[in-house]
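Here is a short report on one protein chain. Please keep the sequence and the model side by side while reading.

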Amino acid sequence: MSFQKIVLAIDDSKFSEYILKQGLEIAKIHQAELMLFRCIPHNDVQVINSVPYEMGLGIEDINYNYRQQQDRVIQSTQETLEKLKYRCEQATNHELNISYRYKIGEPGYSICETAQEWSASMIIIGRKGHSALVEALIGSVSNYVIHHAQCAVLVIEPTKLSA
């Protein structure tokens, strides 16, 4: 089986460097296009749509809060773009067709949606290695992707770092 388009889901963790190296090797073996993808989670840039005036906040307070949240969205977006551009520049030595994309949203859903929009044949994603209890409480992005992606999914385990 040959993979022509690979979405490589990364975040800001140190583990993403390892995932990037693995993704570059796999893309090179398959001579595939590679898209670096980063999702900015909603809770990192959460915007309050409306606050009832009855809560005692004046219009100035509401506008100030809204502006601060918009600034967080802009800052997170700029930081994400800079990191993605930097990682693409690092990867150009591998003679691959590499692009990048980001979305603000729920990570698992956004990864699957991006892969489908781009007609990816594979998604590469890392797994944080949370305990079963933590995964049951907060969920798992990799688990979501495995169950909802419409293409092959390769999950890289953190324990593989030492290999």
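Which residues does R38 touch, not counting residues up to four places away in sequence? The answer is I10, D11, D12, T80, L84, R101, Y102 and K103. R38 sits in strand β2. The model behind this report is predicted.

## Overall layout

The protein chain has 5 helices and 5 strands. Along the sequence they follow the pattern β-α-β-α-β-α-β-α-α-β. The chain has 163 residues, and 36% of them count as buried. Among contacts with a separation of 6 or more, 76% come from residues 24 or more positions apart.

## The sheet

The 5 strands form an open sheet in the order β3-β2-β1-β4-β5, with parallel pairing. The edges are held by β3 (98–105) and β5 (152–156). Each edge strand has a single partner, so one side of each is left without a neighbour in the sheet. From one strand to the next, the twist averages 20 degrees.

Strand β2 covers residues 33–41 and runs parallel to β3, joined by 8 bridges. C39 stands opposite K103 of β3. β1 also pairs with β2 in the parallel sense, over 5 bridges. In that pairing, I6 has L34 as its bridge partner in β2, and V7 stands opposite M35.

## Burial in the strands

How many residues of β1 are buried? The count is 4 of the 5, so β1 is largely enclosed by the rest of the structure. β2 is mostly covered too, with 8 of its 9 residues buried.

R38 counts as buried because its relative accessibility is 12%, and the cut-off for buried is under 20%. A charged residue is thus found here with a list of contacts that includes D11 and D12. The list also includes T80 and L84, as well as R101, Y102 and K103.

## Helix α2 on the sheet

Helix α2 spans residues 59–91 and packs on the sheet, where it touches β2 and β3. Its direction makes about 160 degrees with that of β3.

T77 belongs to helix α2. Is T77 buried or exposed? T77 is buried, with a relative accessible area of 12%. Leaving aside neighbours within four places in sequence, T77 contacts I40, Y102 and I104. Y102 is also in contact with R38.

## Helices α1 and α2

Two packed helices are described by the angle between their axes and the distance between the axes. For α1 (residues 15–30) and α2, the angle is about 45 degrees and the axes are 11 Å apart. The two helices are therefore oblique to each other. α1 passes α2 in a right-handed crossing.

Which residues meet where α1 packs on α2? From α1 come S16, E17, L20 and L24. From α2 come R87, Q90 and A91. By class, this contact has 3 nonpolar, 2 polar and 2 charged residues.

## Helix α3

Helix α3 covers residues 107–117. It lies across β1 (5–9), β2, β3 and β4 (122–126), running at about 140 degrees to β3. The buried residues of α3 are P107, G108, S110, I111, C112, T114 and A115. They pack against β1, β2, β3, β4 and α5 (141–148). Just after α3, S119 takes a positive phi of about 60 degrees.

C112 is placed in helix α3. At 10% relative accessibility, C112 counts as buried. Which residues does C112 contact, leaving aside its neighbours within four places in sequence? They are Y144, V145, H148 and A149. The C-alpha atoms of C112 and Q150 are separated by 7.5 Å, although the two residues are 38 residues apart along the chain.

## Recap

The predicted model has an open sheet of 5 strands with parallel pairing. α2 packs on the sheet, touching β2 and β3. α3 lies across β1, β2, β3 and β4. α1 packs with α2 at about 45 degrees.

Note on methods:
Residues numbered from 1 in each chain as written. Predicted model: local features only at pLDDT ≥ 70, side-chain atom pairs only at ≥ 80, totals over all residues. Heavy atoms only, no water. Pairing = 2+ DSSP bridges. Axes fitted to C-alpha atoms, helices over the stretch in contact; angles between N-to-C directions. Contact = heavy atoms within 4.5 Å. Buried < 20%, exposed > 50% of the residue type's maximum accessible area, 1.4 Å probe, protein only. Parallel < 35°, antiparallel > 145°, perpendicular 65-115°, else oblique. Left-handed = near helix turned anticlockwise from the far one by under 90°.
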